[in-house]
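Thanks for making time for this one. I would like to walk through the pockets in this structure and what lines them, and then turn to the ligand.

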Amino acid sequence: MLEIYVNPLSTPALCVDFTANAVGADVERHVVNLAKGEHKTPDFLAINPLGKVPALRDGDLVLSESVTIMRYIAQREHSDLYPVDIQAQAKVDQWMNYVIHHLRGPYGYVQFNRMFARLLGEEPNEAVIQFGLHLLRQSLPVVERRLAESAFLAGDKFSLADIALTAALEPTELIQIDASPYPTVMAWREARRAEPWYQAVHTHFGAEIGQ
Ligand SMILES: N[C@@H](CCC(=O)N[C@@H](CS)C(=O)NCC(=O)O)C(=O)O
């Protein structure tokens, strides 16, 4: 049995949750309560010594790193969301990497400081927020242009790259990212959020904490 360790407020973990649903994998899902420090308990550190979600266990195999886990689940299920053809696969990888480095990273700078810093007893760092917003003003237009010309990031087929994008965009409202310059991205995202693989996880980001 495939086991996944996730948390619905973690965008890397949501990548794994969404992927498991999108490919129809039969998984045992463990929600790790980060607020209660469950990710630092000996039981969880035995699964991921880095003390982070997501993680996966498949028999003796234990994995961390969301993108690795997404690919593993898709390949294990022989899903075309991560194509076998190396050229199609390379396009999916290209866009997954773009999303992870140029969107999820900067979103993380803003999300940590606007959402989690005070909860952890830290003062939000406005300079880091502004740096994240600066980077997003460069990367969100790239995605806006891409989705104006292409149904999905890697071409005309839905793929793991689109799941990564959907997850990366999740905190937009909660962390007050101004999405008004990106109407194509936001309409595309609404369509994804109506799909069963998304709805199986939650109705929207923050639902679990009453937002
Ligand atoms: N590069 C990792 C990032 C994982 C990560 O940073 N997870 C965060 C939640 S978004 C976490 O578990 N943080 C807890 C901690 O570092 O104490 C991935 O893609 O899976």
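Let me start with the second largest pocket, whose lining has, by class, six nonpolar, two polar and three charged residues; here Ala, Val, Leu, Ile, Met, Phe, Trp, Tyr, Cys and Pro count as nonpolar, Asp, Glu, Lys and Arg as charged, and the others, Gly among them, as polar. Before I go on, please keep in mind that this is a predicted model, in which local features need pLDDT of at least 70 and side-chain atom pairs count only at pLDDT 80 or more, while totals for chains, interfaces and linings use all residues. Residues are numbered from 1 along each chain as its sequence is written, and side-chain values use heavy atoms, with hydrogens and water left out.

A pocket here is an open set of points on a 1 Å grid over the protein atoms alone, where a 1.4 Å probe fits and protein lies on both sides within 12 Å along at least five of seven lines, and lining residues have an atom within 4 Å of a point. The second largest pocket holds about 160 Å³ of space, the volume being what is filled by probe spheres set on the points, which are joined across faces, edges and corners. Its lining includes Asp80, Leu81 and Pro83, as well as Asp156, Lys157 and Phe158.

The largest pocket has a volume of about 1000 Å³, and of the 32 residues that line it, Leu9, Ser10, Leu34, Val53 and Phe116 are the closest to its centre. The elements that give two or more residues to this lining are α1 (11–22) and α4 (86–116), with α4 providing the largest share, eight residues; helices are DSSP runs of H or I with at least four residues, strands are runs of E with at least two, and both are numbered from the N terminus. By class, this lining has 15 nonpolar, 12 polar and five charged residues.

What takes up the space of the largest pocket? That space is taken by the ligand, where sitting in a pocket requires that more than half of a molecule's atoms lie within 2 Å of its grid points. Among the residues that surround the ligand are His39, Lys40, Glu65 and Arg104, each having a heavy atom within 4 Å of it.

As for polar contacts, meaning pairs of N or O atoms within 3.5 Å, a ligand oxygen is 2.7 Å from a side-chain N or O atom of lysine 52, and a ligand nitrogen is 2.8 Å from a polar backbone atom of valine 53. Finally, valine 53 is joined to proline 54 by a cis peptide bond, with omega about 5 degrees.

Technical notes
Polar contact = N/O pair within 3.5 Å; in protein donor to acceptor, adjacent residues only side chain to side chain.
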